[in-house]
Amino acid sequence: MTSDLPTMTPVKHSHSVVENGNGAPWRALLRWESALVVVLIGALVFGSSESPNFLNPTNFFYIGMNMGEVAIMALPLTLVIMTGEIDLSVASMLGLSGTVMGYLFSNGWSIWLAMAAALVVGVLGGALNGVLVAKVGLPSIAVTIGTLALFRGIAEILLAPRTVTGFPSSLTTIGVVPIQGTQIAYSAAIFLGLAVVAGIVLHATPLGRALVAIGLQPEAAQFSGIRVNRIKIWLFVLSGVVCAFAGILLTLKNASVSYDAGTGLELNVVAIVLFGGVSIFGGRGTVIGVVLAVAIVGALQQALTQMNVQPEVQNIVIGVLLLISVVIPNGGEAIRRIRDRARRHA
Amino acid sequence: MARVDDGTSVKGFTFGWGYEVTDQRSAPPVLVLDHATKRFGAVRALEDGSITLYPSEAHALLGENGAGKSTLVKILAGVYGADSGELLIGGEPVTFNGPAASRAAGVSIIYQEPTLFPDLSVAENIFMGRQPLGVGRRIDRAAMNRAATEIFARLGVQLDPARVARGLSVADQQIVEIAKALSFNAQVLVMDEPTAALTTVEVGRLFEVIRTLRAQGAAVLFITHRIEEAFASCQRVTIMRDGSFVRTAPIEEVTVEDIIRSMVGRDLDALFPKTPAAPGEVVLDVEHLCRDGVFYDISFQVRRGEIVALAGLVGAGRTEVARAVFGIDRRTSGTVRVRGEELPNGKPLAAMNAGVALVPEDRRQQGLVMEMSIDQNVALASLGRLRRFGLIRRSRERELATTWATRLQLRFSRMGNTVLTLSGGNQQKVVLGKWLARNPSLLIIDEPTRGIDVGTKAEVHRLLDSLVVDGLAVLMISSELLEVLGMADRVIVLREGRIAADLTRAEADEDSIMRAATGQSPVAAA
Amino acid sequence: MSVITAPAAAPTELPVSRLESLLRARELGIALAILLVFGLTTLNNHAFARVASIQQLLIGAALIALLGVGETLVIVTRNVDLSVGSIVGLSAYIVGDLFKYHHNMPVVLGFVVAIAVGAAIGAINGFVTTVARVPSLVVTLAMLYVVRGVDGLIVNGKTIDPGSIPKAFTAVGYRTLFGIPWLAIIVAVVVATAGYAMRSFRSSRDLYGIGSNPDAAVLAGIPAGRRVFTAFLISGSLAGLAGALFLALHAQIDVSGGTGYELAVVAAVVVGGVAIFGGSGTVLGAALGAVLLNTINQALVASRISAFWNGAIAGGLLLAAIAFDRWLSLRVARSLQSAEGAHRDL
Amino acid sequence: MHTARTVRRKVTLALAVTLVGAVVAACSSSTTTSPTGSATATSAKKGLTVYFIPKDTQNPYEVIADKGGQRALQELGGKVVVSSGTQDTAAAQIPSIQAAIQAHADAIVIAGNDPSALCPSLNQAATAGIKIVAFDSDISCGSSPVHLFINQANTEQIGTSEVDLLAKAIGSKGEIAILSAAASATNQNAWIGYMKQQLKKYPNMKLVSTVYGNDDPATSLTVLQGLLSAYPNLRGIISPTTVGISTAAQYLDTHKSLLSTLTLTGLGLPSQMKSYVHDGTVKQFELWNPDNLGYLAGYAAAGLASGSASLQTGSKFDAGKLGSYTVLAPSATTGPSVVLGPPTVFDISNIDKFNF
């Protein structure tokens, strides 16, 4: 009751009574990443079997271009979920930053100032989430559902019913042409760059270790002098500003923005992170897993579209992959539990 | 459970099974547990759990922390299935596939830590799953509250059955637990340290209840730390050590000394290797420390090279004082100085940098990140010093962990394994290593040997002693009188959030401490 | 587990009564908020108080309130059901399709089918969550995709036109009884029944127990798995019913039916005072939460404020609601604590 | 609630094309304008592949249009691939464009979810030699890629005629309101602009409010209800979107008392509106034949792909059963375009003749 860091799971609790966990989690994780690699290869093979030129560089440019913003938003969310919290306001923040940028630009601001302002909005929005979660001690899922509505609502007040266009083409092109002499989309390159940073931070720095500790055992982290609340606030700020950045990229890619840009993407982002093997309870997950998840979803989407499979199937595929990604790691334990019960009955 | 399904019998509380029992030996045993074992991975929690309970007897189960009592209780409760061994109830072999089964067999448990539903009413906590029903299987709240009130009356306490459990004091929670157990009309009632949080008055009342229960033919298994309570309330005593059954004897055939000897397996002085202390300058200086509603006006000092123990009942505020000193909780008023430097309020990191280390009471939740590897746990508080270019140097991390693992004779298979795979004792060593790695000047250690086997226990005590000799200042919190008496140079006794006594090693003994802790005349005589 | 204070033999009555009054104040508070919004709106536009408008307020809130009942059952057990929106869409379309091809199908059968569809999906949610011990957030998120995908495959660009739905069925959507819309009556009956059950039956009290303290629930021998499964089953069934009512109300359905309801429902439930981490909250509160949000939506239009403000206001309100809950519980804890303190000093 | 909803636009008309409107009005928007240039109508190649990319695969209006396109290509011995996402976003359409490129399609017929977001991708398609045709909702990419826009009807004409229809019904006086789709639907907004312009001609008619139902029945209902309580003496509602008009119709149908004072008109699918027209809930509404729209787009695409049609102003091309069409001159906001023809006004007399 004194814990101001509520955990999302009844399971975790009942474990502490009945069982005390099992084996080294990182082994399970390794298994998960390798499973993802297999799935990715499968997706590529599948794709190229369906269309001969699936594996040509243009396609990879397409994939990068199509996944860019979602992928970028997935990185800070990964860190947030590592600490056992969640941020459902990512897509609304993306829309809000784009809206602010477009609003100011259409009111005669210089494009650069407009972008800067959008990033500032990201910082403020993230700070709002962070303070409400870490300082006031509200459950992040409720808070960010609230800000999900709030951010989108503000965007609507600012821009609806207008659509802003006419951004300088020098900038808008980066959304849709590959980097000079390569077939890599800018957003993809940015994502990979951020992913490397996120990976290093999460897996090799004291901060990353702190995140894991917070996710696994918030109290123990606090007792080890880790400033749990402060870290959480900054994580939400990070999430806010990165999503704002993604919003700018999306606006440039579309060369236009309306208040409802990116509506509903939050669930896709969450799905990708979880599919990447990050535990919704925090403490477990790797950045490489998330990167692989992005690649798989992107490749499958591309393959299915080029095979002209109904887009609904893509939703089903994502959903099923997501289910599998959580059922498999728990499957072994479920079986053990059932066996255990059986033995007790015997 | 069917027995109490209709509200009426709950209201009536008709204890007893229709037969009068005068001498329990003549009747067949109501419960027999024979050579039960239980392991968790590397941890062998119970080697040989054996106990026999007769109707109408109060039976004390004694043993140090980690002797396996709680595991045995959980097996009786049906929470754990024993790996091997046999359980007979009324002569019939049984296997419990869950708490419900055990309860249905007439066994009911009062757990060490209260397990209440904070959002539900007190009465509902008592009758969860068996709420008295009225017309149309609708819960009859009035009847439920009446029933609860009646049980409280039997216990001689007043508690509003309609209030929610959230916010109840530990003692009140304990009372609700007892009431819950009583409400089952169990033929076997297991009390796992029910008195830990109770004042003597309440303890006395509890003994009354136990007598009533016996008169009605129930068997009571009474687990306690306070040996004198066994003499006060029980007919027979069973002693466990290191997960195994040692002996069972009629209470009148044993003395406190016998019991202690068989509990610890050797004589007292052999257990606590205490080098006479040479206290140096003041390291920790606490003045008028206060946290509203928890503790008030706490002032004391801890010097270089001495162990100061905080004693008192559970809930007296010992752990809370430690938390406030370390900065986990904010203090309302008062000052904390470490070597003259005042610590900022509510900043653990600042306390750590000032040379304070805290080995918390709850190892699993607060001391360790259970699913992290051994070396990562050891390094967790020292990461700042393991950095190069902002990155953790795994080699240095390993090195650090290995150093302390060897210095503390940690028994482990692989550094990369999670601490989950370690036994309680070795887990505690990891926590100690984690803090000693920062070479602190003040070590606050809360329940140093809770849930640790006797062997490791002695190691820990030796370690503490040597550290103190090397000039460390130690503030120790312990519920184990033996430990307090054996290790402490000074004993500060808290009662209900205030300092009740400040005793030197010479003044301190079981009697003086208990008297101060309870604010009453000694309990033992009964 | 609790705020440890020194022993107190006989706690005073004081904190109890205050606590309960505060808790009771919760439903009351929302009701007052509704009246306040209603009153203010009426002041500036008397038409808002006409019978017709009031009927519209009820009809508009009915579906979310109905979904809120099921969601409350689930959230009280520390789980969440994000699949309700998709269930509404699927069940509504299936029923519509049936009517299209069997115009004379008995109306009752329409409802039965819808509920059956919902129940089936709810069963899947419950099964995976409890047996595989997978976090319900992930399971139901995945099901949100899968069900919506299946819906799309079935709909495949078709719409059910008003003409093909029997008047007897759509009548449920608009007929009134003594001026009260049937839709509202049906939902009210469900709310009342559920509210009564949640208070009065052992099995439903178990739900609170599971959410309040999972460990204790295990020790108390509560069949947590079965109960949670049932909660999901009911939530699914009610979502199915909501689907049928959606069809009755709108007399048309395409693939988009019920999109985005999941977060709207969670928002309403949280505004209604149901703790997102389980253990407390009432069905009535959730329903009132839905009514409040809908009243605000319509009040904005009625008071001629741009509808663009809806989102922002709803979001702000949600944040305010959870912040209020937090403040409440802190205040209660403090009052109890000081009471203990006072007692100790006696 | 406005959280996480997919904004959908069912019937969405051409992007604001003010000047083209003027131009068309000037040249009386007939299909038989005197040609300035001329193109000899050779017959289309066989075996063409045309990608139809609707706003989304579930949009009933466009499903009908796509069918028309398929029929056109069948007649020409080619094939149509329909590809799009489940959401009305440019992001969901881009993969389909890419797929068309990968599949070396001959032409793309697209209903843009976004005026400009698609241009870069379409450019890549154009450079890959794919002919671009826009229908239902134009894209504005300036000069690259050049494309032909199949305008379902002249925007100004629709805007004005909607107002005229309503004016006739309510005796040119009283408060009226507009129930639109998404607030961000550019074409709806452009088109509401024309309504406001036309309303100047009716001094006694007052547009009191414009509300947005986001083409979601539930939202449409909520805002409609709000509208009715806010403006008790509302005389007319124009809803230029199928979901809006059918939601409103269903509400009026179930609250007949309102019918005495309130008139509803707008754009709707006859199939959806039939029952309401028959029971008198709705007197008149408009739409063109989406099947013909797709059919025309199909022929245009095939023509461009096989060189039998060109983007040259005044050039003609053959559109099967619809006869021959003339390419209209580009304007500041729109490239070359053809207009399907004036919309049909549906009422009790003709509603049963239509099956879309």
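Me: Two residues are in contact if their C-beta atoms, placed from the backbone, lie within 7 Å. Which residues of α13(A) do A:I272, A:V273 and A:F275 in α12(A) meet?

Reply: This is a predicted model: local features need pLDDT of at least 70, side-chain atom pairs count only at 80 or more, and totals for chains, interfaces and linings use all residues. Residues are numbered from 1 along each chain as written, with chains lettered from A and ligands numbered from 1 in written order. Helices (DSSP H or I, at least four residues) and strands (E, at least two) are numbered from the N terminus. The partners in α13(A) are A:V290, A:A293, A:V294 and A:V297.

Me: How do the residues of that contact of α12(A) with α13(A) divide by class?

Reply: Ala, Val, Leu, Ile, Met, Phe, Trp, Tyr, Cys and Pro count as nonpolar, Asp, Glu, Lys and Arg as charged, the others as polar. No polar and no charged residues take part, so the contact is 7 nonpolar.

Me: Which helix of chain C gives the largest share of the side that touches chain A?

Reply: Here 48 residues of chain C are in contact with 53 of chain A. Helices α4 (107–131), α5 (136–155), α9 (214–219), α11 (261–271) and α13 (310–345) of chain C each supply at least two residues to that side, which has 36 nonpolar, 7 polar and 5 charged residues. The largest share, 14 residues, comes from α5(C).

Me: How many charged residues has the side of chain B that touches chain A?

Reply: In this pair, 33 residues of chain B are in contact with 25 of chain A. On the chain B side, α12 (348–353), α13 (363–367) and β18 (391–392) each supply at least two residues. Next to 19 nonpolar and 11 polar residues, the charged ones number 3.

Me: How far apart do the C-alpha centres of domain 1 and domain 2 of chain B lie?

Reply: Chain B is divided into domain 1 (2–265) and domain 2 (271–518), with bounds from an automatic or database assignment. Their C-alpha centres are separated by 33 Å.

Me: Is D:N189 buried or exposed?

Reply: D:N189 sits in helix α6 (186–199) of chain D. A residue with 20 or more other C-beta atoms within 10 Å of its own is buried, with 12 or fewer exposed, and in between partly exposed. D:N189 has 20 such neighbours, so it counts as buried.
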